[in-house]
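This briefing concerns charged side chains and a metal site. Please consult the sequence and the structure shown below while reading the points that follow.

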Amino acid sequence: MRKLKGIGASSGVAVAKVFKLVHPDLTPSKKIIEEAQVEAELEKLKAVLQQSNAELVVIKARAFEKMGASKAAVFEAHILMLNDPEYISSIEAKIRNEKLDAPSAVHEVSQMFIGIFESLTDEYMRERAADIKDISSRILAHLLHIKIPDLTLINEKVIIVAEDLTPSDTAQLDKQFVCGFATNIGGRTSHSAIMARSLEIPAVVGLKTILADTDEFQIIALDGETGEIIIEPKQAIIDAYEQKAAAIAKDKELLKKYKDLPSITKDGHHVELAANIGTPNDLEGVLANGSDGIGLYRTEFLYMDATVAPTEDQQYTAYTKVLQSMVGKPVVIRTIDIGGDKKLPYMPLPEEENPFLGYRALRMCLGEYHELFRTQLRALLKASVHGDLRIMFPMVTTVNELIDAKKMLEEEKTKLLAQGVEISSTYQVGMMMEVPAAAIIADKLIKHADFFSIGTNDLIGYTMAADRMNEKVSYLYQPYNPSILRLVKNIIDAAHAAGKWTGMCGEMAGDLMAIPLLVGLGLDEFSMSATSVLHARRLISTLDKKEMELLAEKALDCSTMEEVEKLVEAAV
Ligand code: PEP
Ligand code: MG
């Protein structure tokens, strides 16, 4: 029996035989052809592109059936890439001008594209390299007449072990037989992790050595929550995993009843449980989990998914879709939050010593990128008539920044009204609370805002002066540290004193240890990943607001995070 630890990517447990998914080496040996062969090689390429296209259409339909529209969209992206004129013409040019045979040309061009994506610092963009790897493997397999593994043939219970799963692999998984998967590479936002969550297949990624450490047909136990893998588990472990699986299945059934219930404490105090989204594709999960609204729409993904900035019309369409889908429920749309770790290929920014303390988000929008910002503001204003829109500015640090951003919004509004465009008269304008300086002067900022939403991901990092990506200081990432709780209290109290509301859209809002404290501190809206909403609603229904107020008061007076944790554990 041996243990491995990776990143829990999709919760749930499984015990089953290993099915090793090893993709064949598709690296062709470089071959130069004669001028006379060029046309034949181009014809071969054309035929294989058509064949690959037809396969992707089938895989897309399968994905749609099993995982819904949003996941099938990944294959639409593959089909688009496969037909991308720049990609195809670069391959054809290699055949024509450099006299490479088709496999070598496909390999060289794909490697170049993969290299470009992998060199980007943004994790999301880096992972787009996986799409190109997937497409080029399909083309190369056909050109080289090598069979790629067919997962649809699996007909017994297995856990798939692989270097990584490509999106096409994931689309072919049959939940009836595939009880989980474990991969050497990948992170929480990799395609395979996202797909696993939507398929609700337990998964552990980033295990580094799982392929080398396991044999075909060996039994392994996998815990997608803790990221633990046990190779050849003892019977007692198998029993424990089976018990856990049964408990999870039972709990999932129990949670369903909270879907249509109000978010209310046992003594009748209402809060709002909203969801965070990155694209309109995430709406499926939001609606399935009975969220009370959207507390954070991170619009930067709209910009990151493209090779040029989205137009006003494209943005209007995306915002309208979200507002209409939520049929009158509140939707907080955050203006572009780029910079820091999020970069855009078409918006070159100088390298900075401290990008998180640098030129990012609103700072760029008020500076040289104000035209890009104004385009977004116009799209938001036009969409405002389609629902309950709340516009939110990120990274506000000073009162003047908030005033300047609002001034730009007003200017765009005046221009649109003059053109006869209809704009809602009830949309709200608020700001993220993620900079300690802003949190301290919340009473001044609230005079210019309709609401606050606390971004604890950044607020904790800035307050504790610790980068949570740096393992050596990750112990300082302390959501329940009294210093953080005092800042949160200051923000909520300032908003309430002005008769306004405060939400929280950082990870802390969905943290079951933090929720009792936040209820006690009077937080009005909690925004989290859609899959956390029902867990939060159930917990809140067991809490008494008055008791939580006393708990929060004691927590504020603690000296350490550990003391606060003990208090909460004893009270809930
Ligand atoms: C935050 O900082 O808490 C937040 C929600 O913003 P982001 O994670 O997008 O930086
Ligand atoms: Mg933030």
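A salt bridge joins the side chains of K3 and E228, with an N to O distance of 3.7 Å. K3 belongs to strand β1 (residues 2-5) and E228 to strand β8 (residues 228-231), so this pair ties together parts that lie 225 residues apart in sequence. The model is a predicted one, and 27 salt bridges are found in the structure.

**Salt bridges between individual pairs**

- In the bridge between K3 and E228, K3 is exposed at 56% relative accessibility, whereas E228 is partly exposed at 22%.
- E35 and K99 form another salt bridge, in which the closest N and O atoms are 3.2 Å apart.

**Salt-bridge network**

- A network of salt bridges links E312, R374, R378, K382, K407, E411, E412 and K415.

**Magnesium site**

- E434 (OE) and D458 (OD) coordinate the magnesium ion (ligand 2), at 2.1 to 2.2 Å.
- These two residues are 24 residues apart and link distant parts of the chain: E434 lies in the loop between β13 (428-433) and α17 (436-440), and D458 lies in helix α19 (residues 456-464).
- E434 counts as buried, with 2% relative accessibility.
- D458 likewise counts as buried, at 15% relative accessibility; the class requires a value under 20%.

**Negative surface patch**

- E553, D557, E562 and E563 form a negative surface patch.
- One of these residues, E562, is located in helix α24 (residues 561-571).
- The relative accessible area of E562 is 43%, so this residue is partly exposed; membership of a patch requires over 30%.

Definitions and conventions. Residues are numbered from 1 along each chain as its sequence is written. Chains are lettered from A and ligands numbered from 1 in the order in which they are written. This is a predicted model: local features need pLDDT of at least 70, side-chain atom pairs count only at pLDDT 80 or more; totals for chains, interfaces and linings use all residues. Side-chain values use heavy atoms; hydrogens and water are left out. Patches are made of residues with over 30% relative accessible area and no salt bridge: like charges are joined within 9 Å, nonpolar side chains (Val, Leu, Ile, Met, Phe, Trp, Tyr) within 5 Å. Accessible areas come from the Shrake-Rupley method with a 1.4 Å probe; for residues, only the protein chains shown count as cover. A salt bridge is a side-chain nitrogen of Lys or Arg within 4 Å of a carboxyl oxygen of Asp or Glu. Lys and Arg count as positive and Asp and Glu as negative; His and the chain ends are not counted. The place of a charge is taken as NZ of Lys, CZ of Arg, CG of Asp or CD of Glu. Helices (H or I, at least four residues) and strands (E, at least two) are DSSP runs, numbered from the N terminus. Buried means under 20% relative accessible area, exposed over 50%, partly exposed in between (1.4 Å probe, protein chains only). Donors are N, O and S atoms within 2.8 Å of the metal (3.2 Å for Na, K and Ca); water is not among the atoms, so sites may look incomplete.
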